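Student: I have a chain open on my screen and would like to go through its structure with you. Could we start with the helices and then move on to other topics?

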Amino acid sequence: MNRSRTYAALLLGLTALTGCGKNDGAPGAMQMPPTAVTAVAAVAKDVPVYLDEIGRIVAIDSVAIVPQVGGKLIDAPVDDGAEVKKGQLLFEIDARPFQASLAVAKAAVVQAKADVAMSGSEYRRIQELDKSVISRQELDDKKNANEVNLAKLEARQAELEMANLNLEYTKIYAPIDGRAGSRLIVPGNIVKDNDKDHPLLVIQRLDPIYAEFSVTENDLGTVRKFLASRGAEIGLTPEKGLRVQVDVPGDSKKMLQALSATPLGSAPSSQPATLPTSRPVKFMGAREGELTFLDNAVQDASGTIKVRATLPNIDHYFWPGQFVNCRLILTIKKDAVLIPLSAQQISQQGPFVYVVTADGTAELRPIVAGQRQGDMLVVDSGVTAGEKVITTGQMMVMPKGKVMVVNEQTPSMSMAK
């Protein structure tokens, strides 16, 4: 009996629910409002096709200053970290021992010349005598004695030249233009000749400068293909012609912008300020150079190949040993379709975007994503230029659902890394 009453109650409930459902299509029934979203029109633009790598800055020329003669270091007229010019005096070694050696060498040359003059005159006199009164042995002895003295004279002249060179070596000049490091030995110390383990100073040329990085073995064929095509296009060898963009990671740009708005030695204020004219700070940012070297072998251990770009560095933005971001530009893709990165969504089937159709509905559109271009993304297929893609509000959007575009945006074309 209780079971029959339960069945009756369930039947009444289902009947009530069925009756309510009959009014769904009646006028005034509740409907979901359109979802508010922001949208951006996809744009077409020429963009680079590139490889991004981590590299390191290397000085084009780096010279360790090593003395060629030993002695007491008496002067070092160069400051730590100074900019030096080729031919500038860097160090001076006590020259007095070498001046004495030079005087000895000069005297030895004078003596050798006198010996040559004497033996030469004796040889000439004996040649003038009647062959019947001198022996062949005597003639040969005089001749040999003169030749020995001539050889001694040449040796003494060579020693004189070496003594002159050693005296010149007591003053050490900069072999290149560049920036000096710290002095590793100061005046008062005794230095050894050709002591490569203990250089006096290291000078590095900072302008231009190298950025060295590696590309993978898998990318080598692509790089060589574009090197060959670019080289043929501009009439260069296959190792040159591709552009490389290099920048320092971090917030260096923000720091420089802050410095340019605040005088050195003062606290920030609400009033606009500028740097003193004696210490200008320039906004530096990424630099562009040219690929100038491709190594001739793939490294066995890493499966990579070393490449090098040459960069202008007149303001010394880059520093030897510094890690940098390197972007090797392979070619330019014409009329690529770009959308904001925020428009891309990821599902189990892959990337997709919501496109706003002409009737105000959201269409789920699978895409083939290309390379990132700053805060934009290249779309190889799935979206055409001019179509509006949803950038915010996607979580509330349903495929084929109505949307209301608010605050329609203009796409930013920042190409920064």
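Student: How many residues has helix α2, and what distance does it reach from its first C-alpha to its last?
Tutor: In this predicted model, helix α2 covers residues 96-128, which is 33 residues. From the first C-alpha to the last, α2 reaches 49 Å, close to the 48 Å expected at 1.5 Å a residue.

Student: Which residues of α2 are buried?
Tutor: The buried residues are Phe98, Leu102, Ala105, Ala108, Val109, Ala112, Val116, Ser119, Gly120, Tyr123 and Ile126. An α-helix has 3.6 residues a turn, so residues three or four places apart point the same way.

Student: And what covers the buried residues of α2?
Tutor: The cover includes helix α3, residues 136-169.

Student: Let us turn to strands. In what order do the 4 strands of the open sheet lie?
Tutor: The order is β7-β6-β4-β9, with antiparallel pairing. At the edges are β7 (171-173) and β9 (190-191), each of which pairs on one side only.

Student: How many bridges join β6 to β7?
Tutor: There are 3 bridges between β6 (residues 89-93) and β7, and the two strands run antiparallel. Within this pairing, phenylalanine 91 has isoleucine 172 in β7 as its bridge partner.

Student: What about β19 and β20: how many bridges join them?
Tutor: Strand β19 (residues 368-373) is joined to strand β20 (residues 376-381) by 4 bridges, again in an antiparallel arrangement. Valine 368 stands opposite serine 381 in β20.

Student: Which residue in that hairpin takes a positive phi?
Tutor: Glycine 374 does, with a phi near 65°. The hairpin has 2 residues between its strands.

Student: New topic. How many aromatic pairs are there?
Tutor: The count comes to 2 aromatic pairs. Tyrosine 317 and phenylalanine 318 have ring centres 4.9 Å apart and planes at 55°, so this pair is tilted. Phenylalanine 352 and tyrosine 354 form an edge-to-face pair, with 5.6 Å centre to centre and 85° between the planes.

Student: Are phenylalanine 352 and tyrosine 354 buried or exposed?
Tutor: Phenylalanine 352 is buried because its relative accessible area is 10%, under the 20% limit. Tyrosine 354 also counts as buried, at 7% relative accessibility.

Student: Which rings have an arginine over them?
Tutor: The charged end of arginine 308 sits over the ring of phenylalanine 293, 4.7 Å from its centre. Arginine 327 lies over the face of tyrosine 50, at 3.7 Å from the ring centre.

Student: I also picked out arginine 365. Where does it lie?
Tutor: Arginine 365 lies in strand β18, residues 362-366. This arginine counts as buried, at 16% relative accessibility.

Student: What does the side chain of arginine 365 make a polar contact with?
Tutor: One partner is the side chain of glutamate 387, at 3.2 Å. Leaving aside neighbours within four places in sequence, arginine 365 is in contact with Phe352, Val353, Val355, Gly382, Val383 and Glu387.

Student: Finally, the whole chain: how many helices and strands?
Tutor: The secondary structure comes to 5 helices and 22 strands. Of the 417 residues in the chain, 32% are buried. Among contacts with a separation of 6 or more, 77% are between residues 24 or more positions apart.

Technical notes: Residues are numbered from 1 along each chain as its sequence is written. This is a predicted model: local features need pLDDT of at least 70, side-chain atom pairs count only at pLDDT 80 or more; totals for chains, interfaces and linings use all residues. Side-chain values use heavy atoms; hydrogens and water are left out. Two strands pair if DSSP finds at least two bridges between them. The expected span of a helix is 1.5 Å times one less than its number of residues. Buried means under 20% relative accessible area, exposed over 50%, partly exposed in between (1.4 Å probe, protein chains only). Contact means heavy atoms within 4.5 Å. Rings of Phe, Tyr and Trp (its six-membered ring) pair if their centres lie within 6.5 Å; planes under 30 degrees apart count as stacked, over 60 as edge-to-face and the rest as tilted. A charge sits over a ring if NZ of Lys or CZ of Arg is within 6 Å of the ring centre and within 35 degrees of the ring normal. A polar contact is a pair of N or O atoms within 3.5 Å; within protein, one must be able to donate a hydrogen and the other to accept it, and residues adjacent in sequence count only if both atoms are side-chain atoms.
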